[in-house]
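Subject: Structure handover

Hello,

I am passing on the structure we talked about. Please look through it first; my notes follow below.

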Amino acid sequence: MEVDLHLARRGFVLEARFEAPARGVTALFGPSGAGKTTLLRAIAGLEPAATGRVRVRDAVWQDGARRTFVPAHRRGVGYVFQDAALFAHLTVRGNLAYAWRRAPAGERRLDPEAVARRLELGPLLDRRTADLSGGERRRVAIARALLGAPRLLLLDEPLSALDLAGRLRVLAHLQGLREMLDIPVLLVSHSLDVVARTADRMVLIEDGAVRGEGETAAMLARLDLPTAHGDQAGAVIHAVVEAHDPRYALTTLRFPGGRFLVAHHPAPPGTPVRVRVLARDVSLTLDPPQRTSILNIVAARVAELSEDGPAQVMVRLDAGGPALLARVTRRSAEALGLQPGLAVYAQVKSVALS
Amino acid sequence: MTPTAAADLAAVTLTLRLAATATAILLIGGTPLAWWLARTRSPARTPVEALVAMPLVLPPTVLGYYLLVGLGPHSPLGAAWLRLTGSTLPFTFAGLVAGSVLYSLPFVVQPLQAAFEAQGRAALEAAATLRAGPIDRFFTVAVPLARRGFITAATLGFAHTVGEFGVVLMIGGGIPGRTLVASIAVYNHVQDLQYARADLLSAGLLAFSFLVLLMVYTINRRLGPRTP
């Protein structure tokens with residue numbers, strides 16, 4: 001899909017141009033107030049003042065040059081609003097049926113029963129929407145959007161304002177969506193963690209404009225972007241489950257540059273997983289560490305350095321293919337003589353699986 | 001049945017018929033008007049709101065007077081009606097309906113407008129993304145979400161038409177059997193010093209009004225405080 005939209009409002013200009021693959025999750029990431037939600041609304045056709053071009057696969061929804069503007073109800077987007085926007089006068093079942101009845105018969109690929117089961121809505125079906133918790137509302141909204149047989153799925157901050165249990169549950173469902181759907185998914189989030197866990201690609205948005213776009217792992221390793229600075233900065237590495245060690249309840253993951261040992265993960269060997277390694281959890285040493293409690297040590301080469309505040313330096317490492325980020329103090333960087341090309345050992349204190 | 005009792009019964013029946021007709025017309029015509037007022041950003045909105053609210057402050061006799069002049073056979077509207085139906089509007093049931101519709105307009109439009117405004121845009125936008133067209137989402141989302149507004153509007157419109165006096169007297173003239181409604185009948189009985197008849201009719205109207213309002217409040221309570 002292809003988006004090139006322009007929208008001017010009091011004191012705010014949105015000027016966004018990006019592309020997203022016809023399949024898979026693309027995150028629109030940026031700070032609050034950057035214009036992410038407005039962009040999502042414009043793609044859905046809910047901002048008639050937006051001009052430009054929107055194309056999803058072969059369908060041109062908007063094209064200023066050809067005076068095309070397909071209204072929202074003819075675009076076929078599944079929109080999961082931040083506040084869910086459920087119909088208060090209908091039950092959960094009624095909300096789902098509303099979408100299903102209006103989905104073109106030839107495009108209904110999902111079975112309502114299966115979707116309800118998958119999103120664990122069985123016990124909620126006859127409840128009024130006013131009585132649902134935040135996480136339940138979000139799950140109903142996702143199911144409703146899916147049952148409308150969308151050609152594009154839009155998710156606006158799907159995990160915001162949820163408690164931890166709700167977040168994990170909705171997150172698991174979102175990750176499941178990736179394999180289930182043969183449509184582009186756009187996800188708006190201001191949380192780097194959500195983006196790193198769910199998105200294949202990301203588009204960085206600041207002040208209504210696109211600052212960069214690309215594959216998530218590559219984007220997160222770019223030191224010229226604000227995403228690679230601060231406490232939440234970290235690398236995403238695509239790995240495969242290799243083996244389980246029941247004696248210590250550990251799982252080995254293999255990636256092009258080496259192996260990680262992580263706490264037992266239930267997936268069978270061969271399953272692709274993505275791991276996130278925060279820059280603050282990686283320390284560097286010049287000699288191979290011995291007699292250490294740290295399990296994961298990766299041989300790497302320094303690729304690039306960038307200041308990260310007055311006291312710290314962000315280091316991009318080439319770990320035999322994938323990139324790793326390490327945040328060290330400026331003092332240590334000088335003491336070790338860190339510079340591009342130098343061979344180092346990255347000691348990884350913690351690896352998060354998603 | 002004595003002739004006076006029959007006349008009173010005719011007045012009550014006429015009143016109910018008038019109120020039902022006016023309410024039906026008001027709901028059909030007032031709903032799009034209320035919807036427009038709730039959604040538009042047009043500068044015409046404020047003057048139209050003021051016009052709709054006029055019957056609230058205008059003395060009914062003034063409204064009735066202008067209706068009499070405006071709907072009379074010498075006015076363009078009255079002349080057109082005369083050519084179309086062969087009868088004049090004033091002093092007929094149709095004239096009463098026209099007057100009642102105008103007079104009760106704010107009692108129907110205002111609750112509907114408030115109900116439409118209170119529901120916001122989120123649910124309608126969600127319906128649009130689920131492929132519901134404008135008409136579809138109006139009837140399947142906006143109207144059901146505004147159902148308490150509809151109940152209030154219908155009741156107030158009906159009850160207010162039953163209770164009006166000045167406008168129907170001016171435009172209808174209180175012709176027994178044709179335009180003599182219950183409120184005028186009470187007035188006539190008092191003028192004729194027939195207090196027993198005035199008592200009976202007044203008590204009937206009082207009980208009726210109370211029962212209607214009681215019913216509405218009960219229904220609104222049942223619909224629950226959390227669903228608008």
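Which residue takes a positive phi in the hairpin of β17(A) and β18(A)? It is G309(A), with a phi near 80 degrees, and the hairpin has 3 residues between its strands. Please keep in mind that this is a predicted model.

Strand β17 (residues 296–308) and strand β18 (residues 312–318) of chain A run antiparallel and are joined by 7 bridges. The hairpin of β18(A) and β19(A) has 4 residues between the strands, and G320(A) takes a positive phi near 70 degrees in it.

Now the interface. Contacts link 22 residues of chain B with 28 residues of chain A. Between them the two chains bury about 2000 Å², with 59% of it on carbon and sulfur atoms. On the chain B side, T129(B), L130(B) and R131(B) lose the most area to chain A, together 41% of what that side buries.

The rule finds 3 salt bridges across this interface, including one between the side chains of E107(A) and R131(B) (3.9 Å, N to O). The elements of chain B that give two or more residues to the side touching chain A are α6 (122–129) and α7 (134–145). By class, that side has 12 nonpolar, 4 polar and 6 charged residues.

Regards

Technical notes: Residues numbered from 1 in each chain as written. Chains lettered and ligands numbered in written order. Heavy atoms only, no water. Contact = heavy atoms within 4.5 Å. Buried area = accessible area lost by both parts, 1.4 Å probe. Salt bridge = Lys/Arg side-chain N within 4 Å of Asp/Glu carboxyl O. Nonpolar A, V, L, I, M, F, W, Y, C, P; charged D, E, K, R; others polar. Pairing = 2+ DSSP bridges.
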